[in-house]
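Subject: Structure handover and findings

Hello,

Here is the structure I said I would pass on. The sequence and coordinates come first, and my notes are below them.

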Amino acid sequence: MRSTILAGLAAAVVLCTGGAAQAQDRVRVGVLECRGGASVGFIVGSVTHLGCVLRADGLPEDRYVATIRKVGLDLGITQESLLAWVVYAPVARLGPGDLSGDYAGAQGSAAVGVGVGGNVLVGGSANSIALQPLSVQGQVGLSVSAGLQSLELRPGR
């Protein structure tokens, strides 16, 4: 179990380094903030639904519905989650719904009461958008996870 956690964290570090290099070819367009309720982790993965909003200077809020799927070690119960990513895109301004798409990357997190985690995701239109952690993910619950993660973003209300 310890080697699984270490392997997942190592993969996250490698992906974070690669994701940061890729983001240099893109322009920062705003911050994507997501909030979600309870989720239960099963040994090989979990599914979490979140409400998200893209905040970009000079533009109205752009809302999304997100589904996060994790594959790898994922044990425990999380009461609520807050995630925030800096959004990098090949253009300086995104239109409504332009973040819609599928993203993938590595992730790791732990919580005993209040916990932290992090993940870097790449995807969207032709994998041209990078989501870099603004800060660490915040969560409340009792859980540990490490592995691969996918994020599906769809236009919301």
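Confidence

Please keep in mind that this is a predicted model. The average pLDDT for the protein is 73, and 59% of the residues reach at least 70. Where pLDDT is low, predicted coordinates should not be read in detail.

Disulfide

A search of the whole structure gives one disulfide. Cys34 and Cys52 form it, with their sulfur atoms 2.0 Å apart. The link between Cys34 and Cys52 is right-handed, with 110 degrees about the S-S bond. Cys34 belongs to strand S1 and Cys52 to strand S3 (residues 45-55), so the bond ties together parts that are 18 residues apart in sequence. Both cysteines are buried: Cys34 has a relative accessibility of 0%, and Cys52 has a relative accessible area of 3%.

Nonpolar core

The largest nonpolar core has 21 residues, and the members that touch the most others are Leu32, Val87, Leu99, Leu131, Leu151 and Leu153. At least two residues of this core come from each of S1, S3, S4, strand S5 (101-123), strand S6 (129-133) and strand S7 (137-155). S4 supplies the largest share, seven residues. As background, nonpolar side chains in soluble globular proteins tend to be buried together.

Leaving aside neighbours within four places in sequence, Leu153 is in contact with Leu32, Cys52, Tyr64, Val65, Ala66, Leu99, Ser100, Gly101 and Tyr103. That list includes Leu32 and Leu99, which are also among the core members with the most partners.

Salt bridges

The count of salt bridges comes to six. One of them joins Arg69 and Glu152, whose closest N and O atoms are 3.6 Å apart. This pair links distant parts of the chain, with Arg69 in strand S4 and Glu152 in strand S7, 83 residues apart. Arg69 is partly exposed, at 38% relative accessible area, and Glu152 is partly exposed as well, at 26%.

Glu152 also meets Arg154 in a salt bridge, with an N to O distance of 3.3 Å. Arg154 in turn forms a salt bridge with Asp102, at 3.3 Å from N to O. Asp102 lies in strand S5 and Arg154 in strand S7, so this pair ties together parts that are 52 residues apart in sequence. Asp102 counts as partly exposed, with a relative accessible area of 46%, and so does Arg154, with 33%.

Elsewhere, a network of salt bridges links Glu33, Arg55, Glu61 and Arg63.

What does Arg69 touch, apart from its neighbours within four places in sequence? Its contacts are Ser46, Val47, Leu148, Gln149, Ser150 and Glu152. Arg69 lies in strand S4, which covers residues 62-89. The C-alpha atoms of Arg69 and Val47 are 4.6 Å apart, although the two are 22 residues apart along the chain.

Thr67 is in strand S4 too. Is Thr67 buried or exposed? Thr67 counts as buried, because its relative accessibility is 10% and the cut-off for buried is under 20%. The side chains of Thr67 and His49 are joined by a polar contact of 3.3 Å. Not counting residues up to four places away in sequence, Thr67 touches Val47, Thr48, His49, Ser150, Leu151 and Glu152. Val47, Ser150 and Glu152 are on this list and also on the contact list of Arg69. Leu151, another contact of Thr67, is one of the core residues that touch the most other members.

Regards

Notes:
Residues numbered from 1 in each chain as written. Predicted model: local features only at pLDDT ≥ 70, side-chain atom pairs only at ≥ 80, totals over all residues. Heavy atoms only, no water. Helix = DSSP H or I, 4+ residues; strand = E, 2+ residues; numbered from the N terminus. Contact = heavy atoms within 4.5 Å. pLDDT = per-residue confidence, 0-100. Disulfide = S-S within 2.5 Å. Buried < 20%, exposed > 50% of the residue type's maximum accessible area, 1.4 Å probe, protein only. Core = buried A, V, L, I, M, F, W, Y, C linked by side-chain atoms within 4.5 Å. Salt bridge = Lys/Arg side-chain N within 4 Å of Asp/Glu carboxyl O. Polar contact = N/O pair within 3.5 Å; in protein donor to acceptor, adjacent residues only side chain to side chain.
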